[in-house]
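I opened this notebook to record what I looked up in the model, beginning with the overall fold and ending with one hairpin.

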Amino acid sequence: VKEVLQMNEEKNYKEKLMKMYVKGELPLLKRNEKFNFACVQCGECCRNRDDILLNPFDVFRLRREKKMSLQDFIEKYCEFYTGNSSKLPLMRIQFRQVYDLDGNEIGTRCPFLGQTKGLYHCRVHQAKPFVCFSYPLGRIQEIGKETDYLLQNDGTCKGAVKAKDENIMQVVEDWMGGKEKLDREERFNALFSCFLENYRKWINVDKLAENKKAFPIYKKWLALVAELLYANYDFDSDDDGFLEQFKNNIDAIETISKTIVEEFASLVDLRPKS
């Protein structure tokens, strides 16, 4: 029940943002613009969450940083599951339970959260996921259009309060790691967004997942997609090398999907919906 409520809450939040975006009511930032924010290393944004999703680029950098196999990485740090609506293999950070001195559960924290002299820090700072290093910024990108950024502020962040009181400003591009890093992130996001926009045009994945005859095929398709999205990389390559490999993997998913549609046509019609 809790997971369903959280999924609905996230869906409603995203739908609200999209409606505001379409109506032109959402304040947006370009990469050279400034916004009001400062991090005080309180660690609050790294506690009591279950919404830190990892995209393939995040997983690549974290696995390279930790020098771990995908299986070991998932077992130690993540939850691997199938998206309820997307029908795709998804990965999110599995937060760990925190206990008080009496052994009572008092919440959860990110497994990568460290502490030094009362200040909290990320133990994988150079490889932290996009959703973490971009915070408090969110990203909106329509296919073929320039990326826009939005400032997420619910009024509870201590850093946001400090920045407002002391008029501390950040530039979007600098906050996101500089031009070179942000260029790469936007290149990846363009490729990934294109994949998410198109994969249902290659195969009727909803029917594949829900049809009893097709479900065994879906399990094989899902395993292949998971392998290509998260595992099929040379981890000695740099970030630019990853982007090239990712593009090739997406092309392979398209080929596999279309091949399945043809090969199993006599069993079930998996042609995409028009």
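**Overall fold**

I counted 10 helices and 10 strands in the protein, taking helices (H or I, at least four residues) and strands (E, at least two) as DSSP runs numbered from the N terminus. The radius of gyration is 20 Å, close to the 19 Å that the globule rule gives for 274 residues, so the protein is as compact as a globular protein of that length. That radius is taken over C-alpha atoms, and the rule is 2.2 Å times the number of residues to the power 0.38.

I noted that this is a predicted model, in which local features need pLDDT of at least 70 and side-chain atom pairs pLDDT 80 or more, while totals for chains, interfaces and linings use all residues. Residues are numbered from 1 along each chain as its sequence is written, and side-chain values use heavy atoms, without hydrogens or water.

**Burial and contacts**

I found 41% of the 274 residues buried (under 20% relative accessible area, 1.4 Å probe, protein chains only). Among contacts (heavy atoms within 4.5 Å) between residues at least 6 apart in sequence, 66% join residues at least 24 apart.

**Charge**

I recorded 44 positive side chains and 44 negative ones, the centres of the two sets lying 2 Å apart. Lys and Arg count as positive, Asp and Glu as negative, with each charge placed at NZ of Lys, CZ of Arg, CG of Asp or CD of Glu.

**One hairpin**

I looked up strand 4 (residues 96-99) and strand 5 (residues 105-109), which pair in the antiparallel sense over 4 bridges; pairing requires at least two DSSP bridges. Tyr99 stands opposite Glu105 in strand 5. Of the 5 residues between the strands, I noted Gly103, which takes a positive phi near 85°.

Note on methods
Buried means under 20% relative accessible area, exposed over 50%, partly exposed in between (1.4 Å probe, protein chains only).
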